[in-house]
Amino acid sequence: ILFCMLSLQGMAQKTYFDVLINLVPSSFHYGEATDGLKDFKKDLKGLQAGVSFQAGVTPNLSLVSEFYFMMKGGRLTEGNALTDLPTKTRLYTLELPALARVHLGNLYVNAGPSVAYNLSGRQIWEETESTPKETLKLLFDGSEGSYNRWDAGVQMGVGYEFKLKKARLALDLRDSHGLVNVTNGMERKNRYLNFNILISKPWKTNPLAKR
């Protein structure tokens, strides 16, 4: 198997470096309480900005590492069983996914783990007829109801590459499932679905394709 992989090194997938700038809708999964909140849950859109590096290994396999800043969170409308009032919870996060990407012609599928670190956050209690708008800074001190710095999850998705004359255009759809509670004392996990359009030229050399 190793000999076959080495013999195919020269035909490996090309290597690309991309800049990510996107607006991503995110939400929280509340465990058993999610069903009771589904009519009150709304996506909260936030910025995603960073880089993506795809390194070809074989004709059908490449490894992808990414690093980006992202604004995650969730939104609940008025009358919900958790806060009753309309609220927005925002986390400012650094995230690092590592994916294996399988290429099937121009189509590809990818999946892998991701780890994230929450830099800070805030909760906004939106204005209603009886209450004014209020913004609270999230705590990360380990107390009941505070938030956790570290988060981890899995990402999976599909994409399609258009081979241009001197570059490639890739359409990438990704689903992210948080596996760690981001708050203490209740279940709250990050969820988001993002779509990226990537345009880049291949690197002249492929570091993983050399013998």
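Are Glu-95 and Lys-72 buried or exposed? Both Glu-95 and Lys-72 are buried, where buried means under 20% relative accessible area, exposed over 50% and partly exposed in between, with a 1.4 Å probe and protein chains only. The model is predicted, and local features need pLDDT of at least 70, side-chain atom pairs count only at pLDDT 80 or more, while totals for chains, interfaces and linings use all residues. Residues are numbered from 1 along each chain as its sequence is written, and side-chain values use heavy atoms, with hydrogens and water left out.

**Salt bridges**

Side chains of opposite charge can pair when their charged atoms come close. The structure holds nine salt bridges, a salt bridge being a side-chain nitrogen of Lys or Arg within 4 Å of a carboxyl oxygen of Asp or Glu.

| Pair | Closest N to O |
|---|---|
| Arg-174 and Glu-66 | 3.1 Å |
| Glu-95 and Lys-72 | 2.9 Å |

The salt bridge of Glu-95 with Lys-72 links distant parts of the chain, with Glu-95 in strand β5 (residues 87–104) and Lys-72 in strand β4, 23 residues apart; strands (E, at least two residues) are DSSP runs, numbered from the N terminus. In the salt bridge between Arg-174 and Glu-66, Arg-174 lies in strand β9 (residues 168–178) and Glu-66 in strand β4 (residues 61–76), 108 residues apart. Arg-174 is buried at a relative accessible area of 3%, and Glu-66 is buried at 4%.

**Rings and charges**

The charged end of Arg-168 sits over the ring of Tyr-16, 4.1 Å from its centre, and that of Arg-188 sits over the ring of Phe-28, 5.4 Å from its centre; the criterion is that NZ of Lys or CZ of Arg is within 6 Å of the ring centre and within 35 degrees of the ring normal. A search of the whole structure finds five aromatic pairs, for which rings of Phe, Tyr and Trp (its six-membered ring) must have centres within 6.5 Å, with planes under 30 degrees apart counted as stacked, over 60 as edge-to-face and the rest as tilted. One of them is the edge-to-face pair of Phe-28 and Tyr-30, with 6.1 Å centre to centre and 75 degrees between the planes. Both Phe-28 and Tyr-30 are buried.

**Cavities and pocket**

On a 1 Å grid over the protein atoms alone, a cavity is a set of points where a 1.4 Å probe fits but cannot get out, a pocket is an open set with protein on both sides within 12 Å along at least five of seven lines, and lining residues have an atom within 4 Å of a point. The count comes to two cavities of 30 Å³ or more. The largest cavity holds about 50 Å³ of space, and its lining includes Lys-72, Glu-95, Asp-151 and Asn-190. The second largest cavity has a volume of about 40 Å³, and among its lining residues are Phe-28, Tyr-30, Gln-123 and Arg-188. Strand β4 gives the most to this second lining, with three residues.

The largest pocket contains about 180 Å³ of space and is lined by 14 residues, of which Gln-123, Gly-145, Ser-146, Tyr-147 and Arg-188 lie nearest its centre.

Key. Points joined across faces, edges and corners; volume = space filled by probe spheres on them. Helix = DSSP H or I, 4+ residues; strand = E, 2+ residues; numbered from the N terminus.
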